[in-house]
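Here is a short briefing on a predicted model.

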Amino acid sequence: MSRILLKRTFREAGWLIFLSLFLGFFTTAFHRTGLFDKATSTPRLSAHPEPLLISPEMADSLIALPSTFIIDSRHRFEYVQGHIPKAINIPAHEFDPTSSQLVYFPKDRNIVIYCDGMECNSSLLLASKIVSSGFTAVFVYHSGWTNWVERGKEIAR
Amino acid sequence: MNPFRAVISLMKRREIIFIARMVIGTIFVAAAIPKIADPKAFALAIANYKLIPPSVGLVVATVMPWTELLAGLGIITGYYIRGSAFSLIGLLVIFIIAILTGILRNLDISCGCFSLDPSVGRIGWHKIAENFLMLVFLIAVYLSPTGIREPDSSVPKPRHPKNMP
């Protein structure tokens with residue numbers, strides 16, 4: 001293989017790669033896709049609505065729907081002592097958007113989150129985490145467990 | 001005649017080189033078009049191999065399909081054929097390494113070679129064989145003297161009459 005052939009090869013390959021770089025960046029920038037797609041570069045949090053605080057009555061009607069997903073954000077020992085029927089327990093600090101069972105749910109599914117009552121923050125904290133992982137219908141039953149017990153509703157253990 | 005030499009002499013035939021150029025060029029152009037059309041899907045296919053970080057993968061997905069397209073066209077038309085064949089050899093070596101590591105790590109992923117649809121099936125040894133075959137023919141194309149006039153360095157350049165002593 002001659003030196004001239006090698007030189008020619010590298011010169012041509014260099015031009016090809018330069019042209020590919022130019023065309024690649026130019027076309028994706030022009031079509032606003034790939035690297036230049038805004039949806040992939042900005043955090044999803046701003047693209048979705050805030051979690052909505054709901055009244056006990058609205059919570060009742062949502063919880064009555066069979067498709068609603070109910071999350072208890074309190075500690076595990078509180079959950080074991082009693083919780084709203086069908087609710088599952090995801091303590092707010094343990095939530096991992098990539099490994100929780102929420103990964104398998106459609107993003108527009110109704111989710112109702114509750115914790116102890118007016119004084120607790122874990123339901124709000126968990127709700128904002130869930131909203132930022134892409135769910136669009138997240139509701140916080142803010143008066144929570146205290147209100148549920150006061151109204152004499154059904155308790156699951 | 002030993003069979004290895006027979007294959008080598010067959011690979012040097014002009015018709016074989018011509019067919020290899022047309023077939024491999026068409027394969028690369030056909031493979032490049034869906035990737036250019038949807039760089040994000042291709043970036044996902046690259047990310048599945050878990051060899052490079054996703055942000056780097058997105059850059060690769062932006063640029064590499066164009067190299068495939070241009071080099072594929074170069075192989076077909078004969079324009080920039082050395083650089084094109086060389087680039088495609090480089091790409092094939094990368095593909096073979098990527099697929100090989102994918103198989104060895106037992107990854108259940110699709111190739112992302114021609115179709116970005118994950119349902120085409122899992123990567124396997126047949127992909128290595130396909131790529132290796134193309135690699136062999138591309139090396140033959142690269143080393144072939146097809147229609148290229150190389151300047152002969154053994155002949156001194158004629159001097160301009162003005163510069164004559």
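The largest pocket is lined by 36 residues. Val60(B), Met64(B), Leu91(B), Ile94(B) and Phe95(B) lie nearest its centre. A pocket is an open set of points on a 1 Å grid over the protein atoms alone, where a 1.4 Å probe fits, with protein on both sides within 12 Å along at least five of seven lines; lining residues have an atom within 4 Å of a point.

**Basis**
- This is a predicted model: local features need pLDDT of at least 70, side-chain atom pairs count only at pLDDT 80 or more, and totals for chains, interfaces and linings use all residues.
- Residues are numbered from 1 along each chain as its sequence is written, chains are lettered from A and ligands numbered from 1 in the order written, and side-chain values use heavy atoms, without hydrogens and water.

**Largest pocket**
- The volume of the largest pocket is about 660 Å³.
- Its lining has 27 nonpolar, five polar and four charged residues.
- α5(B) gives the most to this lining, with 10 residues.

**Phe10(A)**
- Phe10(A) sits in helix α1 (residues 3–31) of chain A.
- Phe10(A) counts as partly exposed because its relative accessibility is 49%; the term covers values between buried (under 20%) and exposed (over 50%), with a 1.4 Å probe and protein chains only.

**Thr136(A)**
- Thr136(A) lies in the loop between α5 (122–132) and β5 (138–141) of chain A.
- At 39% relative accessibility, Thr136(A) is partly exposed.
- Thr136(A) and Pro106(A) are 30 residues apart in sequence, with 9.7 Å from C-alpha to C-alpha.

Technical notes. Helices (H or I, at least four residues) and strands (E, at least two) are DSSP runs, numbered from the N terminus. Grid points are joined across faces, edges and corners, and a volume is the space filled by probe spheres set on the points. Ala, Val, Leu, Ile, Met, Phe, Trp, Tyr, Cys and Pro count as nonpolar, Asp, Glu, Lys and Arg as charged, and the others, Gly among them, as polar.
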